Amino acid sequence: MSRILRDLASAPRRAWLALNAEWRGAAVRLAIAWGVLLVAFPGDWGAMARQWWDISTYNHVLLIPAILGWLVWQRWPQLERLAPSPWWPGLVLLAGAAFLWLLGAMSGLDLARQAGVVAMLGACVPLMLGVRVSAALVFPLCYLVFLVPVGEELVNVLQTITAKITIVLTHLSGIPAEIDGVFIDTPAGLFEVAEACSGVKFLIAMVAFGVLAANVCFLSWRRRAVMLLACVVVPIVANGIRAWGTIYAAQIFGIEAAAGIDHIVYGWFFFAIVLALVIACAWRFFDRPLNAPVVDLEAIEGARWLARLERFAAAPRAALGGFALVLVLAWCWALVADTLEAPMPARIDLPAVPGWTRVDYAPTIWWEPRAEGAEHRLLGRYRNAQGREVDVFLALYDSQGEGREAGGFGQGALVPDSPWAWQSPAAAIDGGKGERLLGNGRVERIAMTWYRQGGLLSGSNARLKLAVIADHLLFRAEPTTMLILSAQDAPRGSAGQAIAAFRASTGPLAGWMDRIGQVR
């Protein structure tokens, strides 16, 4: 046993000594670059690691580093026959990745920051190892994208799709039911296709698996495309079937028993069953021979376009120096942009609105939007002569960034872990973003959100991010205003009418928001 342990302990040293001088130098350069990236961006790597570990949607990402190592090991017999060499156009790729990180740092968009650091990790390969080695590693380099925790943006869409599949199956099974957004009312009770039931975590994991299987098991691009399509469609349909099964079981055993069964099935068996089904159906169509090399070394060595690109070789020290320069420039630019703050008034107040009177804010179920990092927040209620009531929430920010994002996750009209749940989109009013919310399964509310940034007035979070990025790139300090107009929707349709009437009374919305925030 002790001999086996000694052999295992000495294996890395033997592998290192087996490398030729070119590969040892290249490996050292790449290790230095990757080490600097890990040390220079600890917040981004830490945030991703916490999501991988704490959020079930991304637990599968914990396997991705091991998969990447295996993919490189698969290719090593071909890789060691190539001569690695620094390549200065890799700095262009590195600069593009650093710029993506910079945009995320300026706008407070974590997804862009995290995608940027992962892209920088990949860009170091052509910079330090050259184009031919990168060509042999093109799939593992592309597979790095699955390290980025992305997909939460699909939750509402998948909730809606799952609810529609479920209601169709519920009716086909003879159960009378009515659907309202993501809520389904049946004789056994009211069911919600909640965020956790949207199926997003299995869809993301299945796509990651499908991309891997398409590369490892298939040669035909048509078969690869079918495999990827199956890994998108099958988990979505299967999730709708699972939700229908819960409703069907509830009609027989009751809601509590059905919910318990659903949690067990959903948490332990669902993904395994769906994965086994896809593999079983695809197995007979695998067309890559078991012993076939995964890299066409002859094609890489004989490619003329790669030979032309190899002319832009760089000295090892120049590659490391350029790498350091790009990181320093990105860090300094982000640091200066992060210090920009627009001047703020000492106090702001909700103004008088013609035809409307301020009344006490006393909602049936407490509703208060979230605006973390805002310098000022206002929440009040207005009523007109017809008895219509509109709740007004306004938040004013001196800048946008980490911890102060008007359109960030959990910010705005729908606060996580509150009595309110997202029900469906609502018809937009004057370009605002409309949402229908349901409180405690019984009180309906419509919330309409607008963002004001410089000359921008929009309900689009993406447009807000772009406006913030443009201001920070030009070192302009502009305040951001978030306005949410909301009303309870009883009877159905009254909330939209009340909000539209209030909007008509305020006059041009951009000017009204600016006057409240005293920013013009």
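How many nonpolar, polar and charged residues does the lining of the largest cavity have? The legends below start there; keep in mind that this is a predicted model.

**View 1. The largest cavity and its lining.** By class, the lining splits into 3 nonpolar, 5 polar and 3 charged residues. The cavity itself has a volume of about 50 Å³. Around it you'll find L340, D398, S399, Q400, Q453, V468, H472, R476, A477, E478 and T480. A search of the whole structure turns up 2 cavities of 30 Å³ or more, and the other one gets its own view next.

**View 2. The second largest cavity, with α9 and α11 in its lining.** This one has a volume of about 30 Å³. Its lining is made up of L158, T162, S198, G199, L203, P235, I236 and N239. Helices α9 and α11 (221–253) each put in at least two of the lining residues, and α11 gives the largest share, with 3 residues. Sorted by class, there are 4 nonpolar and 4 polar residues here, and no charged ones.

View 3. The 3 strands run in the order β1-β2-β3, with antiparallel pairing. At the edges sit β1 (178–180) and β3 (189–192), each pairing on one side only. Ignoring direction, neighbouring strands are turned by 20° against each other on average. Between β1 and β2 (residues 183–186) there are 3 bridges in the antiparallel sense; look for E178, whose bridge partner in β2 is D185. Helix α9 (residues 155–172) packs on this sheet, touching β1 and β2, and its direction makes about 170° with that of β1.

**View 4. Helices α5 and α6, packed against each other.** Here α5 (residues 90–107) and α6 meet at an angle of about 170°, with their axes 7 Å apart. Angles over 145 degrees count as roughly antiparallel, so that is what α5 and α6 are to each other. On the α5 side, the contact includes L94, A97, A98 and W101, and on the α6 side it includes A115, G116, A119 and M120. By class, the contact residues come to 16 nonpolar, 3 polar and 1 charged.

**View 5. The second largest pocket and the helices around it.** The volume of this pocket is about 630 Å³. It has 24 lining residues, with L30, W34, L68, V72 and V125 lying nearest its centre. The elements giving two or more residues to the lining are α2 (21–40), α3 (42–54), α4 (64–79), α6 (110–129) and α8 (138–143).

Definitions and conventions. Residues numbered from 1 in each chain as written. Predicted model: local features only at pLDDT ≥ 70, side-chain atom pairs only at ≥ 80, totals over all residues. Heavy atoms only, no water. 1 Å grid on protein atoms, 1.4 Å probe; cavity = no way out; pocket = protein on both sides within 12 Å on 5 of 7 lines; lining within 4 Å. Points joined across faces, edges and corners; volume = space filled by probe spheres on them. Helix = DSSP H or I, 4+ residues; strand = E, 2+ residues; numbered from the N terminus. Pairing = 2+ DSSP bridges. Axes fitted to C-alpha atoms, helices over the stretch in contact; angles between N-to-C directions. Contact = heavy atoms within 4.5 Å. Parallel < 35°, antiparallel > 145°, perpendicular 65-115°, else oblique. Nonpolar A, V, L, I, M, F, W, Y, C, P; charged D, E, K, R; others polar.
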